[in-house]
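The sequence and structure come first.

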Amino acid sequence: MSRSQAGTLESDTATDRLSVLEHDNRVLQSRLAALTEEVGRNDSLLRKTQERELELLRAATLGQLFERLITGLRVSYQLDDVTVILHDPQHEIRHLLGGDGQALEPLQGVHFVDALVTVAPQLASLERPWLGPFHKADHELLLPGSARPGSVALIPLRRHEQLDGVLVFASADPQRFTAELASDFLAHLGLVAAICMENAVNRARLLRSGLTDFLTGFHNRRYLHARLREEMARAQRAHQSIVCLMIDIDHFKRINDQFGHLAGDAVLREVAHRIDAEMRISDTGARFGGDEFAMVLSQATLTDGEKIAARVLHAVRHLPVAIGKGVAETVTLSIGVSVATPGPGLRDYKVLAERLIAEADAALYRAKSAGRNRIATSPNVVG
């Protein structure tokens with residue numbers, strides 16, 4: 001090979017190396033720009049997350065916490081939709097909200113379920129936030145009524161090694177939530193939200209501690225009377241009626257005498273649980289005393305009351321109640337139903353409430369006198 005040929009070859013090799021280096025440099029610059037952009041996104045997400053976490057920690061009530069979770073996070077993160085799915089098998093959170101007079105409209109986006117796997121089986125193994133494309137088969141029930149988003153983030157709400165719910169972020173942008181996006185901030189947000197939820201529920205429980213029957217978890221008579229007066233005033237303003245059900249367990253003394261008081265307590269708890277399962281979130285249930293329960297149905301007619309009474313009667317008697325190891329008893333109820341339609345003008349709501357209870361109580365005793373295991377309705381409208 002001549003010197004000129006060798007020089008040309010070296011020159012070509014140098015040019016090729018320079019091209020490779022320039023290409024590698026462009027790749028590195030592109031990668032650096034992408035990393036810088038990702039760092040910027042994550043930094044922005046961190047600042048927003050810290051701001052929202054402080055807002056969540058300042059929430060004083062369950063209703064306020066839900067509003068900040070749904071509306072606050074949606075606006076702050078510029079999302080198309082936010083939902084909260086909560087595991088509430090005993091309906092406790094629902095009743096804590098309803099008992100505090102929380103309206104249902106502001107709770108759009110909050111969904112209560114008896115088992116999380118019924119809305120998305122993959123939630124059973126959700127330990128950390130999951131980010132990725134929206135799949136209708138997997139995510140549709142997590143975003144009921146929403147337009148089909150491009151990507152979603154599922155953020156677990158975990159406390160004490162237990163999944164209490166999931167916070168769902170949805171965006172129309174398919175690239176908004178991807179597996180490459182750092183999820184540590186979202187995981188921390190989920191932990192803070194779960195702690196705030198636990199604290200808000202505990203505060204609500206504490207406020208109710210003097211108004212709750214310890215054995216059944218139902219409200220007590222004191223709370224029922226206070227709620228009845230509120231419902232009377234509301235019914236008068238809205239020109240609506242309210243219904244009262246008085247419920248008595250048939251032959252309860254025989255259960256206590258035959259099986260003991262622990263068995264009687266088991267029956268009371270199970271009957272309360274079955275009554276609770278038939279109530280709407282706006283209804284109020286209470287242990288009135290002994291083996292007697294009461295329900296107040298807001299915005300209800302006498303026909304509504306009879307239907308719910310029939311459901312309660314069936315729910316209790318159709319399945320025997322376990323009262324001990326290998327022992328179960330069929331339990332029946334006697335139920336009295338009354339209705340009130342407060343007329344215009346100032347009224348003594350306490351007197352009206354007492355009359356409504358008295359009418360339901362009189363109907364209850366007619367049901368017992370007629371043979372028990374039945375419903376009786378008061379012919380008198382309180383007003």
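**Briefing**

Helix H7 (residues 252-259) packs with helix H8 (residues 261-277) at an angle of about 140°, and their axes are 6 Å apart. The model is predicted: local features need pLDDT of at least 70, side-chain atom pairs count only at pLDDT 80 or more, and totals for chains, interfaces and linings use all residues. Residues are numbered from 1 along each chain as its sequence is written, and side-chain values use heavy atoms, with hydrogens and water left out.

**Terms for elements and angles**

- Helices (H or I, at least four residues) and strands (E, at least two) are DSSP runs, numbered from the N terminus.
- Axes are lines fitted to C-alpha atoms, for helices over the stretch in contact, and angles run from 0 to 180 degrees between N-to-C directions.

**Helix pairs**

- Two packed helices are described by the angle between their axes and the distance between the axes.
- H7 and H8 are therefore oblique to each other (angles under 35 degrees count as roughly parallel, over 145 as roughly antiparallel, 65 to 115 as roughly perpendicular and the rest as oblique).
- On the H7 side, Phe252, Ile255, Asn256 and Phe259 meet His261, Ala263, Gly264, Val267 and Leu268 of H8 (contact means heavy atoms within 4.5 Å).
- The contact of H7 with H8 has six nonpolar, three polar and no charged residues (Ala, Val, Leu, Ile, Met, Phe, Trp, Tyr, Cys and Pro count as nonpolar, Asp, Glu, Lys and Arg as charged, and the others, Gly among them, as polar).
- Helix H6 (residues 221-238) and H10 have axes that come within 9 Å and cross at roughly 105°.
- That makes H6 roughly perpendicular to H10.
- H6 contributes His225, Leu228, Arg229, Met232, Ala233 and Gln236 to this contact, and H10 contributes Tyr349, Lys350, Leu352, Ala353, Leu356 and Ile357.
- By class, the contact of H6 with H10 divides into eight nonpolar, two polar and two charged residues.

**Sheet with E1 to E5**

- Five strands form an open sheet in the order E2-E1-E5-E4-E3, with mixed pairing (two strands pair if DSSP finds at least two bridges between them).
- Strand E2 (110-113) and strand E3 (130-133) are the edge strands, and each pairs on one side only.
- Neighbouring strands of this sheet are turned against each other by 20° on average, direction ignored.
- Four bridges join E3 and strand E4 (residues 151-159) in the antiparallel sense.
- Leu131 has Ala153 as its bridge partner in E4.
- Helix H2 (residues 62-76) lies across strand E1 (81-87), E2 and strand E5 (162-171), and runs at about 155° to E1.

**Sheet with E6, E7, E8, E11 and E12**

- This open sheet has five strands in the order E7-E8-E6-E11-E12, and its pairing is mixed.
- Strand E7 (284-289) and strand E12 (374-382) stand at the edges with a single partner strand each, so one side of each is left without a neighbour in the sheet.
- From one strand to the next, the twist averages 20°.
- Strand E6 (residues 242-249) pairs with strand E11 (residues 333-340) in the antiparallel sense over eight bridges.
- The bridge partner of Cys244 in E11 is Ser338.
- Helix H9 (residues 302-317) packs on the sheet and touches E6, strand E8 (292-297), E11 and E12, its direction making about 165° with that of E11.
- Helix H10 (residues 349-369) also packs on the sheet, touching E6, E7, E8, E11 and E12, and its direction makes about 145° with that of E12.

**Selected residues**

- The count of salt bridges comes to 17 (a salt bridge is a side-chain nitrogen of Lys or Arg within 4 Å of a carboxyl oxygen of Asp or Glu).
- Arg94 forms a salt bridge with Asp114, and the closest N and O atoms are 3.4 Å apart.
- The pair links distant parts of the chain, 20 residues apart: Arg94 is in helix H3 (residues 92-99) and Asp114 in the loop between E2 and E3.
- Arg158 is found in strand E4, and a polar atom of its side chain lies 3.1 Å from the backbone oxygen of Leu126.
- Not counting residues up to four places away in sequence, Arg158 touches Leu126, Glu127, Leu163, Leu191 and Ala194.
- Leu57, in helix H1 (residues 3-58), is in contact with Val192 and Cys196, leaving aside its neighbours within four places in sequence.

Technical notes: Polar contact = N/O pair within 3.5 Å; in protein donor to acceptor, adjacent residues only side chain to side chain.
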